[in-house]
Amino acid sequence: MEKIILRKDYKTQVVPVEEAVGHYLTKMAARTWTEEFVDESTKETVKIDRCEVLLERGKLITDKLANGLKKQGVNEVEISDCPFRAEEEQYFSRLVHVKVTVRSSNNENAVLIVRSDSLRGAQDCAIDYAEGAVNKIFNSKEANYVYITKSEIIGKFHFIGRTSADIEEEEEQLKKDPDALVKEPFKVKANFIDAEIYIPNDRSRYGVHKNEMFVVWAYDVVTAKNIVFGYLKHKFKTVLNDRETLRIVGATQFYAHTYVPAEYCNEYIKDERKKLPVEE
């Protein structure tokens, strides 16, 4: 049986390249240098740092590879005795939707949908929001604490946002009439072709959208379908060769208690360029 190295026992060290033979890289080996060029508009000399990856992390270093690194000017590398250790992807290249399930001390579950640029940020946002909104997301008003039971990145859904004004309007209606209708989240499945980028006979099927899932808030399933249809007609050119390609192929309820507002999510988004426009 292969020896298991526990994370607490996982050790790395930086050694000269020649001592790395027989060990695994824990960080990529790269050649770095600086180039200079003259900016034609300002006539100033500009320095640019360059980097070329020679070996990816996890690579077993052999005598041949060690000699190759030395020739490229790499004198030290970071190594360990096992090929890989899982690394948390700290920041995503774009905002993602994360479904975070939280549970109260009374064993009630609630599902929060958070937009974030990191999984850790989504979890922090969800648990902070849950602690401040216990009375909104749980039926019981006497929860002493909440904790996270599950986090899941939702990659296959597109959310058509619900605004703070929508929520406030519903809350006012409920104050006047506890039996007033409130909007529920529905997931709607659609097929369509984006005629502006679709190329007939292209094997990649670029521009063909099949079984795309959208989440929208509505009073009933028919309205939800109509909202998604109108949204897609506004966003894409779906008529190809005088034929409407957009089809709504299904709709059911989407059980999510709370879609955390943009203003709150923004407090946990590190990249300023990814901040959400505040819903009003």
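This is a predicted model: local features need pLDDT of at least 70, side-chain atom pairs count only at pLDDT 80 or more; totals for chains, interfaces and linings use all residues.
Student: Why is the pair Glu-18 and Lys-70 called a salt bridge?
Tutor: Good place to start! The closest N and O atoms of Glu-18 and Lys-70 are 3.8 Å apart, and the cut-off is within 4 Å, so the pair qualifies. Glu-18 sits in the loop between strand 1 and strand 2 and Lys-70 in helix 1, so the bridge ties together parts 52 residues apart in sequence.

Student: Why does Glu-18 count as partly exposed?
Tutor: Its relative accessibility is 48%. Buried means under 20% and exposed over 50%, so a value in between is partly exposed. Lys-70, at 40%, is partly exposed too.

Student: How do you know whether Asp-271 is buried or exposed?
Tutor: Asp-271 has 18% relative accessibility, so it counts as buried; the limit for that is under 20%. Its salt-bridge partner Arg-273, with the closest N and O atoms 3.1 Å away, is exposed at 74%.

Student: Which residues have the most contacts inside the largest nonpolar core?
Tutor: They are Val-102, Leu-112, Val-114, Ile-137 and Val-260, in a core of 24 residues. Helix 2 gives the most to this core, with six residues. Leu-112 touches, among others, Val-102, Ala-126, Ile-137 and Val-260.

Terms used:
Residues are numbered from 1 along each chain as its sequence is written. Side-chain values use heavy atoms; hydrogens and water are left out. A nonpolar core is a set of buried Ala, Val, Leu, Ile, Met, Phe, Trp, Tyr and Cys residues joined through side-chain atoms within 4.5 Å. Buried means under 20% relative accessible area, exposed over 50%, partly exposed in between (1.4 Å probe, protein chains only). Helices (H or I, at least four residues) and strands (E, at least two) are DSSP runs, numbered from the N terminus. Contact means heavy atoms within 4.5 Å. A salt bridge is a side-chain nitrogen of Lys or Arg within 4 Å of a carboxyl oxygen of Asp or Glu. Lists of a residue's contacts leave out its neighbours within four places in sequence.
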